[in-house]
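Welcome! Take a moment to look over the structure below, and then let us explore the surroundings of its ligand together.

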Amino acid sequence: MPLDASLLIVGAGPAGLLAAWAAARRRLPGGVLVVDRLPGAGAKLAVTGGGRGNLSHLADEEAFASAFGRQGRFALPAFRSLPPEDLRILLADMNVPTVADDAGRIYPRSQSAPQVRDALLHACEREGVRFVFNHAVSRLVSPHNAAAPWKIDSWTAHSVLLSAGGQSAPRLGSDGSGFALASALGYDLTPPAPALTSLRTAEHWPALHSGVSLPDVSISIAGKRGTSERGELLFTHRGISGPAVLNLSGRVARLLLAEGSVLLHLALLSAAPDFLRLRQTDGSRSLHAWLARHMPRALAGTILELAGIPPDQTFSRLTAEQGKSLHRHLAALPLAVRGTGGFQESMATSGGVSLKQVHPETLEGRVAKRLHFAGEILDLDGPTGGWNLHWALCSGHLVGTVADGG
Ligand SMILES: Cc1cc2nc3c(=O)[nH]c(=O)nc-3n(C[C@H](O)[C@H](O)[C@H](O)COP(=O)(O)OP(=O)(O)OC[C@H]3O[C@@H](n4cnc5c(N)ncnc54)[C@H](O)[C@@H]3O)c2cc1C
């Protein structure tokens, strides 16, 4: 009996769409079929970057690998299959010219993420890719011998790509069901945790300053080396957010799963103050007035209160103990995290299908032949800045290029 497809793709996100396009161009005998649980393709892609679509990042191999941390080298074969400059050419050919900002972040020139989604979808349709929407795949049955097909619910296919995303923003499609499908086939999962999300603190004082941001703060996890993130910090009504917090949040969420609580240290000033010199040059000045030059006045008051220093204290009357306490509160302000914004709020999922069980050169799983993985379903997540979308797009591209079409 003829198969329903040479390659069946579960999930029409950026990973699935690029895989479908690349595979369809190879004119596989049974064609390419994409199944998605939502009514249309790329729901999440269309809202990325606040609707502007931060698609990628100007980066070489080393920068790309290091953005993904300890396991980053796994991503290199996919990166080589579609580096950022090739992605930009590919998108320009689809009538989506791109621009890069000063930080290296790549956006469509139109600043429209929906335009990118529509261009990918139409490019797939032009190459003859077939789509089935409003169907959540619930069962994958592996081939019983080398010649047999995969069974995917009621369909058959020679090869399968599982690009069902992670568990973040489930309203946009990725509800974790891809993890369940992989796990049922014998794949180990690194426990999924929300990443790129805000953090909720046990302390209530951050809420008093909700909406206040500090432009250059270093945040690290107390007692964990190499966890420092630097950038803008925003106080919220439940704790903290902003780029530095988002980029640390995946590691914090995983630690919360493992250890139940996490202590952060915040360095609020870019350089440590020299109190000895300030006593000489600004002896009569109040600490509050001095601190209010570096942060909003109300926040300066809170920091002094936490450090146990009266607001009208002058530098000339600052005791050695008070100096030490203020130094500690400016260089390593403690904040206890009691939760995160969760999967509903998170922009990426940390954890997922274990990389040990997947060949990086083909993204084919090691448990059963002709099943590939791409995108966020794998145990890789990067910081904000276009890295996650580039990973989804280039990993999909690799699978579309190498998958066995029978
Ligand atoms: C609000 C927001 C903003 C973001 N902004 C950026 C940004 O600017 N830059 C950046 O790099 N990254 C950004 N990201 C992250 C980025 O969107 C993801 O990393 C990327 O979409 C992952 O692509 P994917 O194809 O692996 O998965 P997804 O985009 O999640 O797609 C998975 C698809 O699989 C479908 N699916 C799931 N389960 C099933 C099933 N059982 N059967 C059938 N279909 C199924 C889903 O409906 C979905 O369409 C953002 C994320 C969010 C939530």
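## Around the ligand

A nitrogen atom of the ligand has a polar side-chain atom of S177 at 2.9 Å. This is a polar contact, meaning a pair of N or O atoms within 3.5 Å. The protein covers 94% of the 1000 Å² of accessible area that the ligand has on its own, with areas from the Shrake-Rupley method and a 1.4 Å probe. The model is predicted: local features need pLDDT of at least 70 and side-chain atom pairs count only at pLDDT 80 or more, while totals for chains, interfaces and linings use all residues. Residues are numbered from 1 along each chain as its sequence is written, and side-chain values use heavy atoms, leaving out hydrogens and water.

Here are two further contacts.

| Residue and its atom | Ligand atom and distance |
|---|---|
| D36, side-chain N or O | oxygen, 2.6 Å |
| N54, backbone N or O | nitrogen, 2.8 Å |

Among the 33 residues around the ligand, those that come nearest are D36, G49, N54, E376 and L389; a residue counts as near if one of its heavy atoms lies within 4 Å.

Now for the helices, which are DSSP runs (H or I) of at least four residues, numbered from the N terminus. Both α1 (14-24) and α14 (387-402) supply at least two residues of the shell, and α14 gives the most, with 4 residues. The axes of α1 and α14, lines fitted to C-alpha atoms over the stretch in contact, are 7 Å apart at an angle of about 30°. The two helices, α1 and α14, are therefore roughly parallel, a term for angles under 35 degrees.

How values were computed. Polar contact = N/O pair within 3.5 Å; in protein donor to acceptor, adjacent residues only side chain to side chain. Axes fitted to C-alpha atoms, helices over the stretch in contact; angles between N-to-C directions. Parallel < 35°, antiparallel > 145°, perpendicular 65-115°, else oblique.
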